[in-house]
Amino acid sequence: MASRNQNRPPRSPSTKKDGIDYVPVDKRRKIGAARMVGPASIGRGRQAFSMVNNRQDVTAASDLGSAEGSDCGIVEFTKEEVDALLNEKLKGKKFDLKGKLEQMTELIKRLKLCIKWFQQVDENHVLEKQKLQSAIESVEKKCKDNEVEMNNKAEEFNVVLSDLKKTISSLEERVAKEESYKLDAIDCHRKEKEARVAGEKLQASLLAELEKTRQEKSAAEHKAVSFEDMYKRAQEYNVSLQHYNSNLQKDSETLSESLKRVEMEKLTIVENLSNLRCHNKALQDQLALFKASQDESFKQKESLSNELRCLRGELQQVRDDRDRQVTDVHALTAELEKFKECAGKSFEEVDNLTIKSKALEETCSSRGEQIRLLQLQLDAANEKLKIADLSSSETRIEFEAQKRIVRELQDRLSDAEFQLSEGEKLRKKLHNTILELKGNIRVFCRVRPLLPDDGVGTEATVISYPTSTEALGRGIDLIQSGQKYPFTFDKVFNHETSQQDVFVEISQLVQSALDGYKVCIFAYGQTGSGKTYTMMGRPETSEQKGLIPRSLEQIFQTSQSLQAQGWKYKMQASMLEIYNETIRDLLSTNRSSGFDMSRTENGGPGKQYTIKHDTNGNTCVSDLTIVDVCSIKEISSLLQQAAQSRSVGRTQMNEQSSRSHFVFTLRISGVNESTEQQVQGVLNLIDLAGSERLSKSMSTGDRLKETQAINKSLSSLADVIFALAKKEDHIPFRNSKLTYLLQPCLGGDSKTLMFVNISPDPSSVGESLCSLRFAARVNACEIGIPRRQTTVRPLDSRSSCS
């Protein structure tokens, strides 16, 4: 039956065509009177939504595009225009159906124009992301080059430091030797008693001082020349820095112009945000390494400064020694004057003293040469220290510039992420508005991961995902016997999607229950396809919680945050299962004792639960246990109790197969004390039992009866869906207790979402194809427009949760 209905041709578009082409000419001109950003055809934007509706409106959309393609382009919308479009209400008389139909058609056209403009904006954001990524890569390359340069400079500083240490050790040895020579010279001078010898020694020392002064003058002249060369090089470097600064300013201007152009282009960077975050983290790590290398260079600079101070202290000690020698000379001069008054000695003693004086002159000249060499080495060390200071300042300036560039890129990235998130929220809001206006059941498809026991001996891939812009994240292709079957739903989750990512897509739908809407979410699929994991998951693990625990956590958190606005909520929970067409109360206190078992071998007495629907579309089950809940802990304990009471069994296809349909219902009553407004919302979360084939499950006995009952109820659900799709007068809701319980969700004013779970096992491709075809028909069904349940009657104060 599913195969025959999948190949059925779409309904005749004549009626839709007549309804669309009847729009007056003045209303079409109003649509085209908005600002245009480029010529485009409405037919293309229409085609994307026709895929959501199982491609039943392709012919009508093409006719509409040909009729209006010449007059309308892509309209640019502001946020105020979008809000006005979403909040626009139908006007006209109550029974003027034709006028309301024209207004509804006009509203849908403008919504399609808004979505078309939204897709263009997304494309612009993609190009902006690519350029930002290229800019980040260039900055990373510059940082790596700076890091290499800093490492090279550090090695050079280490070599200079080792050379200076060797020089200091040699100087210390020479100073020790000089001190010993100096002591010997002093002893010789004391032994010399003759005035002439003292006078000649004084004359020689004065000549040596004169020569040393001349040498110091020449050294100072050389130092001045070197300073002039260094000043010229500094001026040249300053000019090069100015050129580099002007180039950077030009680059920044070009970058700003490119950013202005990028703001008008499309962006779809949802899948690339993780890559950008990784690059950003790597860039921050590189900045940390660069800072560490800079700190090491600062430490090396401080060590060189300390060594320079030590060298200066040693030089001062040498100068002090020289001053002491001058004082000694003066003292000897005074002795010479005394000795002149006394008698002189013989010429032989004078000759001997002359020889000794020459030797002392040679020693003093050699010491002066050594001091001059030490002064030159000290000047060279000072020059190297100045060069190191310049290089460290240049590195610091360049590092600050790179840091500013990285900060600007991070700001742009955060702005792009914020724009993307805002655009995605607006897209979801527009999409949900269109679906609510159409009254269609939303369908999400989820593919579970491939298990080790799946597809033993086969390596063929039976599921693929299209990569086109229109079908990205919404399309799935199933391959059977070499033939591809494409399907498109509201959202498709692959095997890598986490529980949190799935819940994010339905969080707004769950929020509608607090706003006073009826919400129904149910999971459909063959046994072993992951329905129970999607709905319940593993509540003891935070990352693997299913939709039911996460939805309840969100409802309680949101209700607490709304207390500041004057809202108080009362919540009541109930849980039941439909086992072999029999309703069981999973929260009954007598269930453990066996008194609540409706299924007995001899058809014995038990509680008979009856499903009732009132005129407002509310559903109740007689004698069903309803518990007032005020916290998530109470809900968790109830879910654990229900999980232990639910019927499960082992089959050939699943180790722990759900043998019943599980229905969780949360009734929400809220009242605003300031406005006296009251809302009545209902959240139904349903885990259907899995369909299975007897040839695969090999069920016998009780398992055979369970399988037959499950397949019968699911067949009744398919009959209801097919009747809704054909818009038949009679909908067979009463053929099964499951369909009768879901009647308000399938045929009333509820917001309904179906999860179709798919197994990637190649041996289950037939069941997967049937599930996808059924989901496509569900997606095409049109039910009533959701209606909010609000009153102004004060809420009963008993058992309220504040």
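Biologist: How many residues does α16 have, and how far does it reach from its first C-alpha to its last?

Modeller: Helix α16 has 25 residues and reaches 36 Å between those two atoms, close to the 36 Å expected at 1.5 Å a residue, where the expected span is 1.5 Å times one less than the number of residues. Please keep in mind that this is a predicted model, in which local features need pLDDT of at least 70 and side-chain atom pairs count only at pLDDT 80 or more, while totals for chains, interfaces and linings use all residues. Residues are numbered from 1 along each chain as its sequence is written, and side-chain values use heavy atoms, with hydrogens and water left out.

Biologist: And which residue follows α16?

Modeller: That is Lys727, whose phi is positive, near 55°.

Biologist: Stepping back, how many helices and strands does the chain have?

Modeller: The chain has 19 helices and 17 strands; these are DSSP runs numbered from the N terminus, with helices being H or I of at least four residues and strands E of at least two.

Biologist: What share of the residues is buried?

Modeller: Of the 802 residues, 42% count as buried, a word that means under 20% relative accessible area, with exposed being over 50% and partly exposed in between, for a 1.4 Å probe and protein chains only.

Biologist: Which residues have the most contacts inside the largest nonpolar core?

Modeller: They are Ile476, Phe489, Leu746 and Met754, in a core of 56 residues. Such a core is a set of buried Ala, Val, Leu, Ile, Met, Phe, Trp, Tyr and Cys residues joined through side-chain atoms within 4.5 Å. The largest share of this core, ten residues, comes from helix α16, which covers residues 702–726.

Biologist: What does Leu746 touch there?

Modeller: Leaving aside residues up to four places away in sequence, Leu746 touches Ile441, Leu717, Val720, Ile721, Leu724, Phe733 and Ile783, where a contact means heavy atoms within 4.5 Å. There is also a second, separate core of 41 residues, which includes Phe503, Val510, Tyr569 and Leu685.

Biologist: Switching to aromatics, how many pairs are there?

Modeller: The count comes to seven aromatic pairs. Rings of Phe, Tyr and Trp (its six-membered ring) pair if their centres lie within 6.5 Å, and planes under 30 degrees apart count as stacked, over 60 as edge-to-face and the rest as tilted. The pair of Phe493 and Phe755 is stacked, because the ring centres are 6.4 Å apart and the planes are at 25°. Phe493 lies in strand β5 and Phe755 in strand β16, 262 residues apart, and both are buried. Together with Phe444, Phe493 and Phe755 form one aromatic cluster.

Biologist: What about Tyr524 and Phe774, how are those rings placed?

Modeller: Tyr524 and Phe774 form a tilted pair, 4.6 Å centre to centre with 35° between the planes. Tyr524 is in strand β6 and Phe774 in helix α19, so the pair ties together parts that are 250 residues apart in sequence. Tyr524 is buried at a relative accessible area of 10%, and Phe774 is buried at 5%.

Biologist: Why is α19 called largely enclosed?

Modeller: Because 15 of the 16 residues of α19 are buried, the helix is largely enclosed by the rest of the structure.

Biologist: Last one: where is Ser588, and is it buried or exposed?

Modeller: Ser588 is in the loop between β8 and β9, and at 8% relative accessibility Ser588 counts as buried.
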